[in-house]
Amino acid sequence: MAVIITTSTIALSLVLFDKYEKRFDWLKIAFFILTFVACIHYNYGNDYKAYYWNWEFTSDNSLKTLIISNGYGFYKNIKPEVGWIFLNKLFGFHNGFYFMVAFMNIVEGIIYYKFIKRFVPKRMCFWAFFLYVFTYKYYLLNFSMMRQGFAMTLVLLSFLFFCKKKYIMTLVILAIAISIHTSSLIIVPFLMLCKFEEKMKLQIYGLIILIITLLFFFATSFSSKLFDLIVSLPFFTDYKTFYTGNLSTNSIGFGFALLTIPYFVMLYYMIYKPRDITVEEKYLIILAYIAFLTKPFEFIGTSLVSRIGYIFSMFDIAIIPVMYSKIKQPVIRFGLYLSLVVITVYSYIGFYMDPTYQKAFAEFHTIFELF
């Protein structure tokens, strides 16, 4: 725990140098530090041993046997997606698991770096990096959530191609992400919505989103029925097996109120100041706001919903700093940043204190212990 917090704080501090020292790309150096630490981690995080189990089983069996398998022999006898099997097989050589972990973390570091550089103004990179490092569901949780974390990063890459109107590459990268973690499929209809929104006034879209928000949060019977309908789909069969019984710990209180602030800022700009929003910022808002719409389902469902929400909340990394930078009143802007720091740090500390993660994330280990 101390290693991760210390290196994360040092990396964040380096991003501040961008304001004073222009000869170096301090954001790149900060990402290098984080990526190096992630590459050398060993037996750190809840699911590390489960991933090693599956890698070992994959290495010991032929690709044909693994693909036609009904799941027996995999961790908890649950067969992962074919893309994940291929990736494990690719690194099926001696000690290949550690190389696979390093490969994934290098790819993730590069993509998150490109994402921030692409959408966040240089003066706001500190806040984007802060969200990436100290919002536990990204950098920190990826020590454990390797498969979904890698797939989520590929979704970000597909979004980069989407914004460049390179739709073939968008589909190719998305197909790879879906083959690794099927939950990535859920981004597809919302990318289509982004294209549809180009022909709709942002104000109209904002009003529709406001009505849906009120409906989801206050019509609890509607939310419950919709949740039951969604999780009954075959798409969620394996994930229900993994996450059944793991209820979300979210509750409506002061912390939740702070959490909602960025999304109300997004709504405000959609409805009252649509001309201040660029096309790419519209895309980011549409995708990031979906994460907020999953919150009512977390209160009535399992942690399965939280995991799905992660796919959309990662767009917060870019859009929240961008939205806050548009606010001209210094006092309001300061208050927003202060609330962002409070809820982010509070949730980050809460993650380490959560009994689910406390033991697995307490002591950092490196691959050098193996030699």
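Contact, on this tour, means heavy atoms within 4.5 Å, and the model that you have open is a predicted one.

Begin by selecting residues 316-325 as helix 18 and residues 330-353 as helix 19, whose axes lie 10 Å apart and meet at an angle of about 155°. Since angles over 145 degrees count as roughly antiparallel, helix 18 is therefore roughly antiparallel to helix 19.

Next, show the side chains where the two helices touch: on the helix 18 side select Ile320, Pro321, Tyr324 and Ser325, and on the helix 19 side select Arg333, Leu336, Tyr337 and Leu340, which are the residues that they meet. Coloured by class, this contact of helix 18 with helix 19 shows six nonpolar residues, together with one polar and one charged residue.

Now move to the loop between helix 2 (26-39) and helix 3 (48-59), and select asparagine 43, which is found there. Although asparagine 43 is not a glycine, its phi is positive, at about 50°. With a relative accessible area of 27%, asparagine 43 is partly exposed, because that class covers the range between the 20% limit for buried and the 50% limit for exposed.

The last stop is asparagine 77, whose place is in the loop between helix 4 (63-68) and helix 5 (82-90). Here too the residue is not a glycine, and yet asparagine 77 has a positive phi, of about 60°. Is asparagine 77 buried, partly exposed or exposed? Its relative accessibility is 43%, so asparagine 77 counts as partly exposed.

Terms used
Residues are numbered from 1 along each chain as its sequence is written. This is a predicted model: local features need pLDDT of at least 70, side-chain atom pairs count only at pLDDT 80 or more; totals for chains, interfaces and linings use all residues. Side-chain values use heavy atoms; hydrogens and water are left out. Helices (H or I, at least four residues) and strands (E, at least two) are DSSP runs, numbered from the N terminus. Buried means under 20% relative accessible area, exposed over 50%, partly exposed in between (1.4 Å probe, protein chains only). Axes are lines fitted to C-alpha atoms, for helices over the stretch in contact, and angles run from 0 to 180 degrees between N-to-C directions. Angles under 35 degrees count as roughly parallel, over 145 as roughly antiparallel, 65 to 115 as roughly perpendicular and the rest as oblique. Ala, Val, Leu, Ile, Met, Phe, Trp, Tyr, Cys and Pro count as nonpolar, Asp, Glu, Lys and Arg as charged, and the others, Gly among them, as polar.
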